[in-house]
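Here is a briefing on one protein model. Look over the fold first, then go through the points by topic.

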Amino acid sequence: MNSDISTDISSEDLYQIALLIDQLKHEDIHLRLHSMQNIARIAKALGPDRTRNELIPFLSDESVDDEDEVLMCLATRIVDLVDCIGGSENIQVLLSPLEVLVSSEESSVRELAISSIEKIS
């Protein structure tokens, strides 16, 4: 077990988190959407350091998803990651995925990202 992961997480929970992480990259949009809806759960299990150093860069990769529905979900749920990255003193790490979202071709993704920026500022 990774020392960054909370010791109160059961092996079943760890399996579920690993499954959610794998599904972030899955071909099936419904599985990706489900994982994105649980992004805070993934981040909490990873801990602040791994969330900042691994999960956030993954979410910032422009090739992560091209489905508007998944991007809209991320734009909405990204505010839930503030506590998961170690609080507001680390807020700058969220700028990269937010920049990708506000650059989206889809206006609804951009609007949700702007709303999230307003919430965390």
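Accessible areas come from the Shrake-Rupley method with a 1.4 Å probe, and for residues only the protein chains shown count as cover. On that basis the accessible surface of the protein comes to about 6800 Å². Carbon and sulfur atoms hold 48% of that surface. The model is predicted: local features need pLDDT of at least 70, side-chain atom pairs count only at pLDDT 80 or more, and totals for chains, interfaces and linings use all residues. Residues are numbered from 1 along each chain as its sequence is written, and side-chain values use heavy atoms, with hydrogens and water left out.

**Overall fold**

- The protein has six helices and zero strands. Helices (H or I, at least four residues) and strands (E, at least two) are DSSP runs, numbered from the N terminus.
- Along the sequence the pattern reads α-α-α-α-α-α.
- Of the 121 residues, 37% are buried. Buried means under 20% relative accessible area, exposed means over 50%, and partly exposed lies in between (1.4 Å probe, protein chains only).
- Take the contacts with a separation of 6 or more: residues 24 or more positions apart account for 60% of them. A contact means heavy atoms within 4.5 Å.

**Helix α4 and its cover**

- Helix α4 spans residues 68–77. Its buried residues include V70, L71, C73, L74 and A75.
- The cover over the buried residues of α4 includes α2, α3, α5 (95–102) and α6.
- M36 sits in helix α2 (residues 29–37). M36 is buried, at a relative accessible area of 2%.
- Beyond its neighbours within four places in sequence, M36 touches L24, L59, V70, C73, L74 and R77.
- M36 and L74 are 38 residues apart along the chain, yet their C-alpha atoms are separated by 6.2 Å.
- S116 belongs to helix α6 (residues 107–120). S116 is buried too, with a relative accessible area of 2%.
- Neighbours within four places aside, S116 is in contact with A75, T76, I78, V79 and L98.

**A buried loop glycine**

- G87 is found in the loop between α4 and α5. With 12% relative accessibility, G87 counts as buried.
- G87 and P48 lie 39 residues apart in sequence and 8.8 Å apart in space, C-alpha to C-alpha.

- Side chains of opposite charge can pair when their charged atoms come close.
- The whole structure holds two salt bridges. A salt bridge is a side-chain nitrogen of Lys or Arg within 4 Å of a carboxyl oxygen of Asp or Glu.
- R52 pairs with D49, and their closest N and O atoms are 2.4 Å apart. The two are about one helical turn apart, because they are three residues apart in helix α3. D49 is partly exposed, at 42% relative accessibility.
- E54 pairs with R50 at 3.0 Å, N to O. These two are four residues apart in α3, so about one helical turn separates them. E54 is partly exposed, at 41% relative accessibility.

**A negative surface patch**

- D66, E67, D68, E69 and E105 form a patch of negative charge on the surface.
- Patches are made of residues with over 30% relative accessible area and no salt bridge: like charges are joined within 9 Å, nonpolar side chains (Val, Leu, Ile, Met, Phe, Trp, Tyr) within 5 Å.
- Lys and Arg count as positive and Asp and Glu as negative, while His and the chain ends are not counted. A charge is placed at NZ of Lys, CZ of Arg, CG of Asp or CD of Glu.
- D66 lies in the loop between α3 (39–60) and α4. D66 is exposed, with a relative accessible area of 63%.
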